[in-house]
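Dear colleague,

Please find below the structure that I am handing over to you. My notes on it follow directly after.

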Amino acid sequence: MLVEVVDDYEAMSDRATEVVTEQIRKKPDSVIGFATGGTPKGLYNRLIDAHENRGLDFSKVTTFNLDEYVGLPPEHEQSYAHYMWSNLFDHVNVNPGRVHIPQGMANDIDEHCQWYERRIEEAGGIDLQILGIGANGHIAFNEPGSSLGSRTRIKTLTTKTVEDNARFFDDPEMVPEYAITMGVGTIMEAKTVLLLASGERKAQAMKKALEEPLTAMVPASMVQMHRSAHVIVDDEAASQFDYRHHHGIAEPKD
Ligand code: PGA
């Protein structure tokens with residue numbers, strides 16, 4: 001596992017941009033797994049800049065997003081489809097036919113989840129999966145307790161997530177209670193996973209994910225099993241580590 005500790009959010013975003021850019025330049029038809037949330041916004045801004053000013057070409061890239069709310073149409077402001085188009089896809093030359101985001105309005109959700117898994121397989125698997133981590137150790141909507149072998153499926157959102165989301169909705173009926181999410185097992189099949197974390201709020205979860213035993217109670221701890229995990233954290237998110245991580249080795253701090 002390669003763990004890089006950098007100064008702050010900006011440095012984390014710069015470094016993540018180098019990793020994603022290198023992946024696309026090395027393999028223009030890369031399959032990239034994208035994440036939503038606050039963490040990758042700096043990365044996405046920089047990818048737009050790399051496209052506009054340094055010729056980064058997304059035309060052959062295939063994308064798969066981690067998750068989406070059930071019941072929200074893609075044009076809904078809170079949907080992850082809306083997030084991806086407004087924060088990245090609308091601003092680069094991605095081929096819309098190669099963009100995959102789970103469909104929150106699918107009629108048959110189980111069938112859709114199976115189709116999503118098949119599409120990933122048919123695309124040759126995900127080359128690089130971008131990941132954030134929840135303060136509770138979740139990855140995508142795989143909350144604590146999720147099977148470490150899970151596949152793309154529908155999950156009930158935690159009471160806390162539903163409550164946190166309520167403020168974004170005028171109509172309480174629209175607050176999603178379910179989401180479609182890639183499973184931990186699906187995510188771990190990506191050839192490389194790139195886990196990003198910034199800020200004090202993530203420090204405890206990062207410590208548990210990297211330095212404590214693997215457990216379904218911290219789904220992100222599954223990165224310990226991945227053969228090519230690349231973690232970029234800033235000083236605050238790294239502040240609870242007992243070990244100094246460098247060159248893929250963890251040594252006690254003094
Ligand atoms: P954040 O979310 O990037 O908004 O902190 C990450 C996550 O919950 O997976």
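Does Glu18 count as buried, exposed or partly exposed? Glu18 counts as partly exposed, because its relative accessibility is 46%; the classes are buried under 20% relative accessible area, exposed over 50% and partly exposed in between, with a 1.4 Å probe and protein chains only.

Before the remaining findings, a note on the basis of these values. This is a predicted model, in which local features need pLDDT of at least 70 and side-chain atom pairs count only at pLDDT 80 or more, while totals for chains, interfaces and linings use all residues. Residues are numbered from 1 along each chain as its sequence is written, and side-chain values use heavy atoms, with hydrogens and water left out.

Salt bridges

A salt bridge is taken here as a side-chain nitrogen of Lys or Arg within 4 Å of a carboxyl oxygen of Asp or Glu. By this rule there are 15 salt bridges. In one of them the side chain of Glu18 meets that of Arg15, at 2.7 Å from N to O. Both residues belong to helix α1, where they are 3 residues apart, about one turn of the helix. Helices (H or I, at least four residues) and strands (E, at least two) are DSSP runs, numbered from the N terminus. Arg15 is also partly exposed, with a relative accessible area of 24%.

A salt bridge also links Glu251 to Arg244, at 3.6 Å from N to O. Glu251 is partly exposed at a relative accessible area of 34%, and Arg244 is partly exposed at 44% relative accessibility. Through salt bridges that share partners, Glu4, Arg15 and Glu18 are joined into one network. Glu111 and Arg118 form a further salt bridge, in which the closest N and O atoms are 3.5 Å apart. Glu111 counts as partly exposed at 37% relative accessibility, and Arg118 counts as partly exposed at 37%.

Helix α2

Helix α2 covers residues 41-54, 14 residues in total, and reaches 19 Å from its first C-alpha to its last. That is close to the 20 Å expected at 1.5 Å a residue, the expected span being 1.5 Å times one less than the number of residues. The buried residues of α2 are Gly42, Leu43, Tyr44, Arg46, Leu47, Ile48 and Ala50. They pack against α1 (9-26), β2 (31-34), α3 (80-87), β6 (128-131) and β9 (192-197); contact means heavy atoms within 4.5 Å. After α2 comes Gly55, which has a positive phi near 70 degrees.

The largest pocket

On a 1 Å grid over the protein atoms alone, a pocket is an open set of points where a 1.4 Å probe fits, with protein on both sides within 12 Å along at least five of seven lines, and lining residues have an atom within 4 Å of a point. The largest pocket holds about 1100 Å³ of space, a volume being the space filled by probe spheres set on the points, which are joined across faces, edges and corners. It is lined by 40 residues, of which Gly37, Gly38, Tyr69, Tyr80 and His138 are the closest to its centre. Two or more lining residues come from each of β4 (67-69), α3 and α5 (159-166). Helix α3 gives the most, with 5 residues. By class, the lining has 13 nonpolar, 18 polar and 9 charged residues; Ala, Val, Leu, Ile, Met, Phe, Trp, Tyr, Cys and Pro count as nonpolar, Asp, Glu, Lys and Arg as charged, and the others, Gly among them, as polar.

Individual residues

Strand β11 (residues 243-246) contains His245, which counts as buried at 13% relative accessibility. Leaving aside neighbours within four places in sequence, His245 is in contact with Val3, Glu211 and Ala250. The C-alpha atoms of His245 and Val5 are 7.7 Å apart in space, although the two residues are 240 residues apart in sequence.

Two residues have a positive phi of about 50 degrees without being glycine: Ala140 and His247. Ala140 is in the loop between β6 and β7 (153-156) and counts as buried at 11% relative accessibility. His247 is in the loop between β11 and β12 (249-252) and is exposed, with a relative accessible area of 71%.

With kind regards
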